[in-house]
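Subject: Structure handover

Hello,

Here is the structure we talked about. Please open it alongside this email. My notes follow below.

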Amino acid sequence: MYNFLNNEANRTLKFIEILHRQDDWITLSKIAEELDCSDKILRSDIKKINIDFSPFMIISSPNGVLLEYPHTINIEYIYSKTLRTSIEYQIIEHLFLNPGITITELSEILYTSEPGLRRKIKALSRQTEESGFNIEIIDSHCNLVGEEAQVRHFLVYYFFEFVYYEVAQ
């Protein structure tokens with residue numbers, strides 16, 4: 001799942017996974033070392049996580065940080081939420097469900113600029129090549145191209161992760 005996420009989403013997801021594995025307090029400096037980032041970035045991530053991933057909450061103390069969440073919710077909630085908010089995965093989903101969608105239509109759906117979307121698609125296409133497909137833009141129309149089995153395999157995995165939490169509840 002990490003393959004197509006941007007750096008910030010990837011770091012946030014790994015940060016939460018580290019905290020999820022811990023039963024006790026852990027220092028930000030130890031996590032920052034593992035994630036190869038600064039404490040300051042992690043403090044900023046904590047604010048975002050506490051807003052975006054509620055009811056998961058990162059608690060701070062002089063002992064470090066700790067992840068609190070209801071025991072009726074598991075880590076799959078985080079994966080599902082991450083995919084739902086990831087622009088990379090939203091692009092792939094829209095291209096799968098709307099073959100031939102134009103850059104203009106897609107940028108309006110995703111509330112992003114056309115030049116920014118083109119850059120994101122170009123970068124994403126390089127990443128998807130390793131999975132056996134890529135994204136092609138011809139005359140402002142976007143399509144997923146490549147081996148159909150590879151595209152379907154990826155999307156089955158994506159939709160399973162995407163809806164897992166909703167179905168599990």
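In which loop does Tyr-111 lie? Tyr-111 lies in the loop between α6 and α7. More on that residue further down.

A word on the basis of these notes. This is a predicted model, so local features need pLDDT of at least 70 and side-chain atom pairs count only at pLDDT 80 or more, while totals for chains, interfaces and linings use all residues. Residues are numbered from 1 along each chain as its sequence is written, and side-chain values use heavy atoms, with hydrogens and water left out.

Overall layout

The protein has 8 helices and 4 strands. Here helices (H or I, at least four residues) and strands (E, at least two) are DSSP runs, numbered from the N terminus. From the N terminus on, the order is α-α-α-β-β-α-α-α-α-β-β-α. The C-alpha trace spans about 55 × 35 × 30 Å along its principal axes.

Of the 169 residues, 41% count as buried. Buried means under 20% relative accessible area, exposed means over 50%, and partly exposed is in between (1.4 Å probe, protein chains only). The accessible surface comes to about 9700 Å². Carbon and sulfur atoms hold 50% of that surface. These areas come from the Shrake-Rupley method with a 1.4 Å probe; for residues, only the protein chains shown count as cover.

Contact means heavy atoms within 4.5 Å. Among contacts with a separation of 6 or more, 53% are between residues 24 or more positions apart.

On charge, there are 16 positive and 25 negative side chains. Lys and Arg count as positive, Asp and Glu as negative; His and the chain ends are not counted. The centres of the two sets lie 6 Å apart, with each charge placed at NZ of Lys, CZ of Arg, CG of Asp or CD of Glu.

The core

The largest nonpolar core has 47 residues. Such a core is a set of buried Ala, Val, Leu, Ile, Met, Phe, Trp, Tyr and Cys residues joined through side-chain atoms within 4.5 Å. Phe-15, Ile-31 and Ile-91 touch the most other members. Helix α1 (residues 7-21) gives the most to this core, with 6 residues.

Ile-91 is worth a click. Beyond its neighbours within four places in sequence, Ile-91 is in contact with Leu-106, Leu-110, Leu-117, Lys-120, Ile-121, Leu-124 and Ile-135.

Helix α6 and what follows

Which residues of helix α6 (residues 103-110) are buried? They are Ile-103, Leu-106, Ser-107 and Leu-110. These cover an arc of only 100 degrees around the axis, which puts them on the same side of α6. The arc is that of the directions from the helix axis to the C-beta atoms. In general, an α-helix has 3.6 residues a turn, so residues three or four places apart point the same way. The buried residues of α6 pack against α5 (87-97), α7 (114-128), β3 (133-138) and β4 (141-146).

Just after α6 comes Tyr-111, with a positive phi of about 55 degrees. Tyr-111 is exposed, with a relative accessible area of 77%.

Other loops

Asp-36 also has a positive phi of about 55 degrees, although it is not a glycine. Asp-36 sits in the loop between α2 (28-35) and α3. Its relative accessible area is 72%, so Asp-36 is exposed.

Pro-55 lies in the loop between α3 (39-52) and β1 (57-61). The peptide bond from Ser-54 to Pro-55 is cis, with omega near 20 degrees.

His-71 is in the loop between β2 (64-68) and α4 (76-85). His-71 counts as exposed, at 79% relative accessibility.

Is Leu-5 buried or exposed? At 5% relative accessibility, Leu-5 counts as buried. Leu-5 is found in the segment before α1. Not counting residues up to four places away in sequence, Leu-5 touches Asn-10, Leu-13, Thr-82, Ser-86, Glu-88 and Tyr-89. Leu-5 and Tyr-89 are 84 residues apart along the chain, yet their C-alpha atoms are separated by 7.6 Å.

Tyr-158 lies in helix α8 (residues 148-168). Tyr-158 is buried, with a relative accessible area of 1%. Leaving aside neighbours within four places in sequence, Tyr-158 is in contact with Leu-83, Tyr-89 and Glu-93.

Best wishes
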